[in-house]
Every structure is written in C-alpha cells, then in structure tokens.
Amino acid sequence: MSSSRLHTPSSSHSPADPAPSSDSSSLAHHEQQQQQQQQTPTIPVLGASDEWSPLRAVIVGCAEHSVFPSEPEHMITATMPAQHQRHFRPGHVFSHEITAAATAELNHFAGVLQDAGIRVYRPRQVDWLAVGGYTGAMPRDGLMVVGNTLIEAPFAWRCRRDEIRLAYGGILDELMRDDNDHNDHNDDDDDHPGAKQHAARICRAPTIIGKDTIYDDPKNSQWAINDSRPAFDAADFMRFGQTVLGQLSHVTNEKGVSYLRALLPPGHTLELVQVTDPHAMHIDATILPLRRGLLIYNPDRVTEAALRRHAVLRDWELHPYPFVPKARADGPPSYMCSPWLVLNALSLDEKRIVVEQDDVEFADWLRTRFGMEPILVPFRHVHSIGGSFHCATVDLVRGEEE
Ligand code: ARG
C-alpha cells in the first residue's frame, strides 16, 4: 500500500505556487516539494479494516429527488413497517418538505465531518423518478471498503440496480484516477519501473442481462428472495479487522455471500452472524462496535451467545442496549425503519460518534457508561428516506495518519 498515498487537502497544490524558472531552481523546488511531502501526513485512496479507527475519507449521500422504492409486495411486507407499506408504489415521491429538509441535514452533517478534518465526497444528483430508482442518500447499502478494495453490491432490489453507476460513478472514477496519478508520479521509485501499482482496487457489480430471477418462487420461504443469482446489500456486513461479519437477510442470499467472500482481499474471512430478525435487512441497527473490544447490540435481534461464537469477538465486552427505543409521535414519519435505528450511529474514532440529536437517552448512556463523546446532529428527515448516519455514508479511509 505504501506506493499509493494521497496528500491530505492541506498539502494540495495551489494555483498560486510560483512556477520554477530555471533548472536549478526547478530542482530546488522539487526537493522542497519532496520535503513537504515527507512532512505532511498522507492517507491512502482507499483503506478501511474496521468500523472505529479514525475516519479520514467518507462518502456522504444526497437526498434530492428521492422516491419510495417500489418492489414486489412480498418484499415490502417482509422489510417495511406495516403502517407505511401503502407508500411503496411506483412513482411515489417523498414530499418536497422531507427531501428539502433531508438535503439540509446531509449538507450540515457533511460540514461537521469536514470540520473534523475528514475528506468528504458527495454523489451526483439524479432524477430518481425518471430512472425508476430510489435515492442517493443511502450509499452504505451499495458500497463497502475492505482493506484497499471497494466493492459494489449486486443489489437484490430492481429499483437500485443503477444507483451506484448513476450517483457514485464519478466518485469511483475519481478514486481510480487519484490512485493512478499517484502511482504514475511514483513510477521512478518502484522496484519495477514502468509497472503501475494499483494500491486501490474497485470491484463493480455484475450486470444482469435478461430476466432477473431473484424473486421467482423463493426456495427458502424465510426470505423474500431466492438464491438464483448473487445478491447482497453492503449494509448487511461490517469490518472487524481481518474478519467481516454479516447476515443473511431479505436482500442478501447465500450466493451473494460467496460472491463477496471471493472479492475480499487476501487474508480476510467472512462469517455469518446468527440473527433472529424476521425482517432482517441491514445489520447496522443490530450491532454497533464502539471501539476495539466493545460492541453494543440489539437484544431483540441477536444474542450474546450468537456473537460469542465468532472468534474475533470472543474477548470483547458485549452489551445489550438496555432501553427499548420508542417510535416518536412528533416529526417526520419513519417510513422505512424501526426505532432501533438509534444504533445506526457513525464512529469518527474510538471516542467520537455521531448520534441523532433527539436520541438523548442513547447519547447519555454512551457518555456515562462508556466514556464516549457523542456529537449530536439533526437527521430525522434523512431517517424518513431510509436510514441514519451509518446508512448515509461509506467509509473510504479509516486509520491513523502515517
Ligand atoms: N432494517 C433496519 C431497521 O429497520 C434499518 C437499517 C437501515 N440501514 C441501512 N443501511 N439502510 O431497524
């Protein structure tokens, strides 16, 4: 990985840099630049091995033009709150009030992250109604980084098939370009001059040609999809070092798990957690690692015994969330999520964690019980569109600066 480093924004070239005028000054300039490069901390283009090391680069979603996802009825009844299921029909847009407020919340959240020194990428706006899609606000479902590898999820949902290409394709190109550029510059230093080293790896999802069979008579009636082709949502998985933990769900099947396993960088393993969630879809309201050795979990959906089965958690402190999160009567409707969305927080490091500003009980518990430093940010309108801080982001780089 050492050959591909990007400089943090503070070290980037300004157009006002004086142009070198002669050979000797050019050399001096070059040396000076090299010195600067050695002094400024650098971060890789892609690199994340867990959920709690210091966040350095992240994608934050966009809510403009979000539309209620439309999928076969049995998928919606399996995964969405009963009282809101009538909304999930083709062409039903979220109200302007919700998307406008969600956009403001996402922009504010992106600013909070930037102020914390984190590099933030934002997707392109897409007219989701015109393309029969859903939203650009939930990138965690479609992209995941493991080590130096960014993996695009082969979504089960038809309405999400083009989401990554349309909204995030530009970011993926930019990441590859940055990786290439940097390696071009470093060609001289390579052991094999001229041989480009790609420190970053991007795996795009396969394209489905012809009829999608994923909803045909599900063999295993526990889930809304069958196992006829690989399908997973990236939010069904989390990184714990060399081990990725995940779950089967209404959007993740066995073939999807094998497919993901095959794409993980060398040395990584993928283990499935035995959850007891009949509505399973995304594991990020079921478990929340706060730091190395400390995880909180949703006791309605998973047991301590099931978590202990995984060697990587064997000597961890595992704490059930002790309160019953309640649906709020005030504010925008939670069309797509249960009150357990409270656990969908985003760690900035092993102390700081972004929590919804109304989740005061949760924030107090994290502070008093574990010495965490919650950062309270408003996000209720983003919740209406499908998730909270963890769902609305993709960690690109986590780790100590070098
Ligand atoms: N299914 C979870 C719940 O309702 C919400 C998970 C949302 N996560 C996401 N990545 N979109 O509790």
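Visitor: Which residues have the most contacts inside the largest nonpolar core?

Guide: In soluble globular proteins, nonpolar side chains tend to be buried together. In this predicted model, the largest nonpolar core has 106 residues, and those with the most contacts inside it are Val58, Leu106, Ala137, Ile353 and Leu396. Helix 3 (residues 96–115) supplies the largest share of this core, six residues. Beyond four places in sequence, leucine 106 is in contact with several residues, among them Val60, Cys62, Ala137 and Val382.

Visitor: Where does UniProt place the feature "active site"?

Guide: The record, an unreviewed entry, places it at Asp233, His282 and Cys391; such annotations may be inferred rather than shown by experiment. These positions are spread over 159 residues of sequence, yet they cluster in space, with a largest C-alpha distance of 11.1 Å.

Visitor: Is aspartate 233 buried or exposed?

Guide: A residue is buried if 20 or more other C-beta atoms lie within 10 Å of its own. Aspartate 233 has 26 such neighbours and therefore counts as buried. Aspartate 233 lies in the loop between strand 7 and strand 8, and its contacts beyond four places in sequence include Asp141 and His282.

Visitor: What of cysteine 391: where is it found?

Guide: Cysteine 391 is in the loop between helix 9 and strand 17. With 26 C-beta neighbours inside 10 Å, cysteine 391 also counts as buried.

Terms used:
Residues are numbered from 1 along each chain as its sequence is written. This is a predicted model: local features need pLDDT of at least 70, side-chain atom pairs count only at pLDDT 80 or more; totals for chains, interfaces and linings use all residues. A nonpolar core is a set of buried Ala, Val, Leu, Ile, Met, Phe, Trp, Tyr and Cys residues joined through C-beta atoms within 7 Å. A residue is buried if 20 or more other C-beta atoms lie within 10 Å of its own, exposed if 12 or fewer, and partly exposed in between; C-beta atoms are placed from the backbone. Helices (H or I, at least four residues) and strands (E, at least two) are DSSP runs, numbered from the N terminus. Two residues are in contact if their C-beta atoms, placed from the backbone, lie within 7 Å.
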